[in-house]
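Notebook, one sitting with this model.

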Amino acid sequence: KFRTPGSGLYDNLHKFDLPYAEAIFDLDFYRQNPMPFVTLSKEIWPGVKYRPTLTHCFFSLLGKKGILQRVYTQNIDGLEAVAGVDPDQLVECHGHFRSASCTNCGMEHTADDCKSSMVDKGEAPTCNICGGLVKPSIVFFGEVMPSRFSELVHFDVASCDLVITLGTSLLVAPVSNIPDWVKSNTHRMLINRELVGSFHRANDVFLEGDCDESVRELCSMVGWEEELDQLYSIAQSK
């Protein structure tokens, strides 16, 4: 989402008048000028403007079928959770909007309070303890990834029998390395508009094209299309 030419976040940041594109996720910059991130948060806060896609609902369907071990996502929009993916099966590598904390003292704040300030009022939330700026639990540059990633990834890559990689440039480590960490006999599927990474093993599958169209085709092949559409309909109403 960030790096998609023409429509990615980094291609559409000119309206924020940033010194450089990544500044919107820079903690020091946020402390000096929080409004660009506040404006962005109003745009992408889960369930406000955007709803889950068929692909998000596909993850949820795999979980309901009992065959999903984990979803690793670099997205921060939280749409996997909105689509119904079990929190135990979800690793949001770059954080989420469901909790918040002070950037100064670390005091935890509720997501509802943070949302009220950012989304409803268009203001930067402040800490009621020290007066510092509060932000959602999104991983900014220089911050450590959630420990959940390192706690689960080694077990997951060693025990899975299929890894599906969707809609990615595979440019940002360490998440981009996951397909290469699985065993050599593990089946790998890439669903993407272009071939990326090291998907050239004999047992790799590349489905070129749109993610939503591809997951619909897969579900149609195994008789799950109606269930997928039902989950999608429910997700749109949330």
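I started with R70, which forms a salt bridge with D156; their closest N and O atoms are 2.8 Å apart. The model is predicted. I placed R70 in the loop between α3 and β1 and D156 in helix α6, a separation of 86 residues. D156 has 5% relative accessibility, under the 20% cut-off, so D156 counts as buried.

Next I checked R98 and E92, whose side chains meet in a salt bridge at 2.5 Å, N to O. R98 is partly exposed at 46% relative accessible area, whereas E92 is buried at 9%.

I then looked up D210, which pairs with R193 at 3.2 Å between the closest N and O atoms. D210 is partly exposed at 22%; R193 is exposed at 60%. My search of the whole structure gave 11 salt bridges.

I turned to the nonpolar packing. The largest core holds 26 residues, and F37 is among those with the most contacts inside it. Helix α2 gives the largest share, four residues. I listed the contacts of F37 beyond four places in sequence: I24, F25, Y30, M118, P136, I138 and F140. Another core, of 22 residues, lies apart and includes F59, L166, C211 and L228.

Last, I traced an open antiparallel sheet of three strands, in the order β4-β3-β5. β4 and β5 are its edge strands. I found two bridges between β3 and β4, and E108 in β4 is the bridge partner of S101.

Notes:
Residues are numbered from 1 along each chain as its sequence is written. This is a predicted model: local features need pLDDT of at least 70, side-chain atom pairs count only at pLDDT 80 or more; totals for chains, interfaces and linings use all residues. Side-chain values use heavy atoms; hydrogens and water are left out. A nonpolar core is a set of buried Ala, Val, Leu, Ile, Met, Phe, Trp, Tyr and Cys residues joined through side-chain atoms within 4.5 Å. Buried means under 20% relative accessible area, exposed over 50%, partly exposed in between (1.4 Å probe, protein chains only). Contact means heavy atoms within 4.5 Å. Two strands pair if DSSP finds at least two bridges between them. A salt bridge is a side-chain nitrogen of Lys or Arg within 4 Å of a carboxyl oxygen of Asp or Glu.
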